[in-house]
Amino acid sequence: MLMAHPAVLRNLIEQYETLKVLQAENGREKEVRRRMDDLAYTLCVSTGTRDVDAALIAARHRLPGARPEDDSVLSA
């Protein structure tokens, strides 16, 4: 399976979470819901999952520094 770059995953997570807040606060729910559905689909495809909650967990897990044994935040 192809893996999305961590920067792409971070961007998708940030967009999804921002829209989730907007949906709760704003009356333009139809537009926001459509974009959230698009982002959820992209996250699922990018992480090889079938629902957005699992996709968000998988995406966060793949970000640098997400795991204690992850040394990706250390310089070479």
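Predicted model: local features only at pLDDT ≥ 70, side-chain atom pairs only at ≥ 80, totals over all residues.
**View 1. The chain consists of three helices and zero strands.** Helices (H or I, at least four residues) and strands (E, at least two) are DSSP runs, numbered from the N terminus. The elements run α-α-α from the N terminus on. Buried residues (under 20% relative accessible area, with exposed over 50% and partly exposed in between; 1.4 Å probe, protein chains only) make up 28% of the 76 residues.

**View 2. The largest nonpolar core has 16 residues.** Such a core is a set of buried Ala, Val, Leu, Ile, Met, Phe, Trp, Tyr and Cys residues joined through side-chain atoms within 4.5 Å. I13, Y16, L43 and L56 touch the most other members. Helices α1 (6-25), α2 (29-47) and α3 (52-61) each supply at least two residues, and the largest share, six residues, comes from α2. Beyond its neighbours within four places in sequence, Y16 is in contact (heavy atoms within 4.5 Å) with M36, L39, A40, L43, V52 and L56.

**View 3. A salt bridge joins E17 and R60.** In a salt bridge, a side-chain nitrogen of Lys or Arg lies within 4 Å of a carboxyl oxygen of Asp or Glu. The closest N and O atoms of E17 and R60 are 2.0 Å apart. Because E17 lies in helix α1 and R60 in helix α3, the pair ties together parts 43 residues apart in sequence.

View 4. D37 is partly exposed at 39% relative accessible area, as is R33 at 32%.

Residues are numbered from 1 along each chain as its sequence is written. Local features need pLDDT of at least 70, side-chain atom pairs count only at pLDDT 80 or more, and totals for chains, interfaces and linings use all residues, while side-chain values use heavy atoms, leaving out hydrogens and water.
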